[in-house]
Each structure stands twice: as C-alpha cells, then as structure tokens.
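Trainee: Please give me a close look at a single part, and then a connected account of what surrounds it. I am new to this structure.

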There are 2 protein chains.
Amino acid sequence: MPAQQPLFETLAVIGIGLIGSSIARAAREYGLARQIVAADASEPHRRQATELGLADAVYGDAAEAVKDADLVMLCVPLGAYAAVAAHIGPALKPGAIVSDVGSCKQSVIRDVSPHLPAGCTFVPGHPVAGTEHSGPAAGFAALFHGRWCILTPEPETEAAAVEKVRAFWAACGSKVEQMEPHHHDLVLAITSHVPHLIAYNIVGTADDLETVTESEVIKYSAGGFRDFTRIAASDPTMWRDVFLNNREAVLEMLGRFTEDLIALQRAIRWGEGDALFDLFTRTRTIRRAIIDAGQETNAPDFGRGSAATVAPGPAAPKTD
Amino acid sequence: MPAQQPLFETLAVIGIGLIGSSIARAAREYGLARQIVAADASEPHRRQATELGLADAVYGDAAEAVKDADLVMLCVPLGAYAAVAAHIGPALKPGAIVSDVGSCKQSVIRDVSPHLPAGCTFVPGHPVAGTEHSGPAAGFAALFHGRWCILTPEPETEAAAVEKVRAFWAACGSKVEQMEPHHHDLVLAITSHVPHLIAYNIVGTADDLETVTESEVIKYSAGGFRDFTRIAASDPTMWRDVFLNNREAVLEMLGRFTEDLIALQRAIRWGEGDALFDLFTRTRTIRRAIIDAGQETNAPDFGRGSAATVAPGPAAPKTD
C-alpha cells in the first residue's frame, strides 16, 4: 500500500548489496520515493541490480546517481566512505539529506561530514538487521521489519532532516532510536562486533586443528559449532572495515570478554561447578528477555532441518 | 511404519528430559521396542512424562525401571552417571545392553563400566543433536533425523551389542559413526563444548557491563548477539557437567581459541586489515561445506522473524 505522497522525490542508494538492495526494495514496495536510483562500483552488481529491476537507473559513478537525489543512502563498506563522500560531495543537490547504514558511527561522521557542502545535512543511521548473505540478490523488503534503526545525528543537525530519515525507517517497518555516536559504537561492539569476531575466530581455530579433521568438524557441527559458522559467513570486506573503524570499542569489549573467559577457564581447571552453574543459569534470563522483546523467536532452532532434511521418516529397522 | 519385529523387548530410558523423551518418542513411533519404561528422579518430570504418555510405566527408582530391560539408555546429566550406574548395576537383567547419550565419553566409561555385572555390555553413545529447550515436553521423535550418533565402544566390546545399538540409532534416522572415546572428546570439545562456553561467556560479559544497559543489549541483539543467547539458554546442569567431565580436551581447545583471539585482537589494534580479511574469507568455505554436508540449511536465518513478527507490512508513512 504506497503512501499518498512519497517521502522523497528521488532516493539514491550508493552500494547495492544486501542492505542497499533491501532499502531499494522497501522504498519501492512502500512507495517511499518517486524515483529510485542506484550506484555501485562493481559491474556484476550493477548488472544484477538492473536485471532485478531494483532501481529506475543504475550508475557506475556515484556522483551521477546523487545529482537529483533528495535522500542519498550510503550502503558501501566503511572503508570506502571517505572516498565516496569526497567524490559525491560536489555533486549533491542543495538541501539533500545524506544518510547511511554503517555499523560504526564515529568513523562515519569523521569520514563523511567534512565532504558535504553547506546546505546538505548528514543524518548517520544504522539499521540493526542483516543476514549472512551478500549482494543485490540477497536483499528483501521485509529485512527491516520489527528491527531497530539507530540514528546518531549531532546535536546541531537540522531536526527536520532527522525527522524525515526517521519517517523513512519507520515506513520500512523499523523501530527508530536516537543515540550518541560514541555510545552506539560501544553498544554495537558488544551486541554485534565482538560476537562476529569470536565466531570468525572459533571457525578459524577449528580449521587449523591437526588432531581433529575438517571433515569431523563439519559432520559434528550440529553440536553448536554450525551456529557460529553462519555468523562467520558474513561479508569479509564489510567486517574487516567494521573492526578497523570501531577499534577502541571492540578492543575494550574484547578485553572484558577475554578476562571473563579466562576466569571460566580457571573454574573448569579447578572444578568449580557452582561458578559454572550460576553463569549458565543467569544467561537463560537474558535469552528470555530477548524473546519477550520480539527480537527472537522461541522455536527450538537447534533442531532445525531435522524434520526437513529427512523427508518421510526413517526406514524401519531390519530385524531379520 | 513400525518394524515387523521390534529391536528390543523392553527399553528403559533413565532420565526423561529433552533427549530421553525424544528417544522414548522415536522408539514408540518407529516401533523399536515392545515395551518402553522410563525413570526420572524429578517428580514433575515423571508427572509430565506420564501425562504425555511417553512410556508404558514411569518410575522414580531407576533400579525398578531397568529390571526387565534389554536396552537401558542413560539420559541423565554426566554428574549423575556414577551414582546411577552403581544403583542400577545389581538390578540389570543378564545380557542387558546399557548405552547412553552423554556428551563426553571418557568420563562415562570411567563412571559406568565398573558397576556393570558380567554379562551386561556397555556401548557408550552420543547423538549429536539437541535444542536449547529442556524437559520431557521439549522432546520430539524427529530430533535425530539426519544427525550423527557417535558410538565409542572399547575394542573388546561384544560386536553384536554394538550392532544392536547402531541399528537402534539408524532406525531413529541417525547416521552412526564409531570413534575412540579420547578422540570423541577432542572432536566435541571444538564442535560443541567450546562454542557453548564462549556463548555463555559473551552473554555474561554483556550482562555485566556498566556502560551499556541490559535493555540496550536486548534491543540490539539482532546484530549477532541473539544467536549466542540461544546456545547460552541450554540446560545449566547438563553443561556444568560437560565442562567438569571433559576438562582436558576443553582446556586444550580453549587455549588454542584464546591464542587465536589474541592474535586477532593484535591485528585489530595494529590495523592489519589483510589478516582479518583472509580469516573472514577462509571461514566462509567451512560454512559452505557444512551446508553441503546437510548439517545446516542455507536459509538466511539472520532475517528470521523479520517477516513473521510484523504481520501485514508496515503502515504507509504519514506525509500530511
């Protein structure tokens, strides 16, 4: 059901991967912009975006894509922000709002703000949503439904621009929150960045073992390991840039994680069952709260595929 | 489709939680035993098991349950094995096979074998399957479909008994593998035990922060954290006992994990993007292999609930 009147005349999506293509799809499906244009540095991405009809026009040059846009959404890896901002800055339409979807907000403000001409407003944003897949074909309009989007404007940012970006995300089905950039980076370090890092790490550790073969790791992954491989299948470029651009907060949270892990290791070595039991009980409460908050379902996902992968039920045993 | 002839006359399931109740259900559904009896030390468990009709008889005393059984399945936490084995040993029927489902195999052999009378055979087993839920109501017959079950009999164990236990698991839909107990414990330390430990640990670390509130951790958990909370919601008693009973292998694997994590931490501190990118690329390959091996689906599970939690699509934006 499209809005009577789109929020924006022209939306330019710069970078048409999982998130960019989901935004383009949502904008189309919910009638959020009269015209949707996209830019991507990758030729295969541009071809896919064109074939999928994700935008009215698809450009190789981001400066061309932004010239008529009143909302520009940066959806490129964090490492490309400074160059993209410097490149599109002079081409921006007066009064254009620039926003983004990057997972770190301090670095984004540092990299983008200096390149925007007077009269353009930067409203940094971060939809906390995603899947482990990448590319233009991986996106879907419902990706942001029920998920939080965090905006981190500076105190002096024009309120009307912040409001328009907020309305855009609300129309995508998101719940919108405002936060200090520094605080955002801390919160995401523990809820997203460090979890990804330790998932990547354990998959790497398992891959390096000599005593356990790769085939064994794969066969017996249903014991818990496979959940980590899903997270560790996320886009390598995006995640490299996250760690390089949220270094301080990640190192701080990682320090605490390691400290706690060493304490657990010691409890195991000394057979301190009560300390283990107490922690394992406490963590259940948080799980319950996440389900109650609608950020997770209670379906027993460990058992996933168990019914689906083997079709009608096992054959009867041979007893003769 | 029940077998012509059940594999066992009487199956006794000792401990009727998630795994025990799934075994009872599978045995019933696939006709693997003529009679199914159960025992559980917990009165509420016994009541639930009776209400759910999981067994033909439900006992508080395990010794009573085993007296006619030709297959006894121990499904209690690892910490209870020695006491249960000592208690049921004298009550076992001559020729009975005792098997189990414990996540560590060296400790199980140490705790059970000395208590079995001559003529009874112990065939240690471990179905690598489960969910994050616990209790008699959480089980389901299809839990073992397509999953591996690892048997770790000693070289001198009677081959016919091993074969009967193998046939039992195959009839439950499992793929069955044989392994040295020591090797089993190493493999599971990396594919299951350490993943659970780091999941419990990061949930604890997040819960302890002063700079980030619990409410923020919950709201923004879709960034990766929530996947860890699922694992960290597993049964506390079971997992305490796993770590206490597979100490050597867990400490060994944990040492490697921490070593690798410290190297990653250093790469982040020094801005070594290539090292991060290389690891993050390598881990994708393992994910692919797990999916190809049928141990995981390729559905973009990060997006789970996004379509399900918000029913018809977001409201059109207000633009008046």
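Mentor: Helix α2(A) is followed by Gly53(A), whose phi is positive, near 65 degrees. Helices here are DSSP runs of H or I with at least four residues, strands are runs of E with at least two, and both are numbered from the N terminus. This is a predicted model in which local features need pLDDT of at least 70 and side-chain atom pairs count only at pLDDT 80 or more, while totals for chains, interfaces and linings use all residues. Residues are numbered from 1 along each chain as its sequence is written, chains are lettered from A and ligands numbered from 1 in the order in which they are written, and side-chain values use heavy atoms, with hydrogens and water left out.

After α2(B) comes Gly53(B), with a positive phi near 65 degrees.

Another glycine of chain A, Gly31(A), sits in the loop between α1 (18-29) and β2 (33-39). Gly31(A) counts as buried because its relative accessibility is 12%; buried means under 20% relative accessible area, exposed means over 50%, and partly exposed lies in between (1.4 Å probe, protein chains only). Asp185(A) is 154 residues from Gly31(A) along the chain, and their C-alpha atoms are separated by 32 Å.

In chain B, Thr10(B) belongs to strand β1, residues 8-14. Its relative accessibility is 7%, so Thr10(B) counts as buried. The side chains of Thr10(B) and Gln35(B) are joined by a polar contact of 3.1 Å. A polar contact is a pair of N or O atoms within 3.5 Å; within protein, one must be able to donate a hydrogen and the other to accept it, and residues adjacent in sequence count only if both atoms are side-chain atoms. With neighbours within four places in sequence left aside, Thr10(B) has contacts that include Val37(B), Asp68(B) and Leu71(B), where contact means heavy atoms within 4.5 Å.

The sheets come next. Strands of a sheet pair through backbone hydrogen bonds, either parallel or antiparallel. In chain B, three strands form an open sheet in the order β7-β8-β9, with mixed pairing; two strands pair if DSSP finds at least two bridges between them. β7(B), residues 125-127, and β9(B), residues 175-178, stand at the edges with a single partner strand each, so one side of each has no neighbour in the sheet. Neighbouring strands of this sheet are turned by 20 degrees against each other on average, direction ignored; the strand axes are lines fitted to C-alpha atoms (for helices, over the stretch in contact), and angles run from 0 to 180 degrees between N-to-C directions.

β7(B) and β8(B) pair in the antiparallel sense over three bridges, and Cys149(B) in β8(B) is the bridge partner of Pro127(B). Four bridges join β8(B), residues 148-151, to β9(B), and these strands run parallel. Val176(B) in β9(B) is the bridge partner of Cys149(B), while Ile150(B) stands opposite Glu177(B). From β8(B), Trp148(B) and Ile150(B) point one way and Cys149(B) and Leu151(B) the other, and all are buried.

Chain A also has three strands in an open sheet of mixed pairing, in the order β7-β8-β9. In that sheet, three bridges join β7(A) to the antiparallel strand β8(A), residues 148-151, and Gly125(A) stands opposite Leu151(A).

Finally, consider how the chains meet. The contact takes 131 residues from chain A and 130 residues from chain B. Together they bury about 12,300 Å², 68% of it on carbon and sulfur atoms; buried area is the accessible area (1.4 Å probe) that two parts lose on being put together, summed over both. Twelve salt bridges are counted between the chains, each a side-chain nitrogen of Lys or Arg within 4 Å of a carboxyl oxygen of Asp or Glu. Arg287(B) and Glu132(A) meet in a salt bridge of 3.7 Å, N to O. Helix α7(A), residues 181-208, gives the largest share of the side of chain A that touches chain B, 21 residues. Phe280(B), in helix α12(B), residues 273-292, counts as buried because its relative accessibility is 0%. Its contacts beyond four places in sequence include Leu197(A), Tyr200(A) and Trp239(A).
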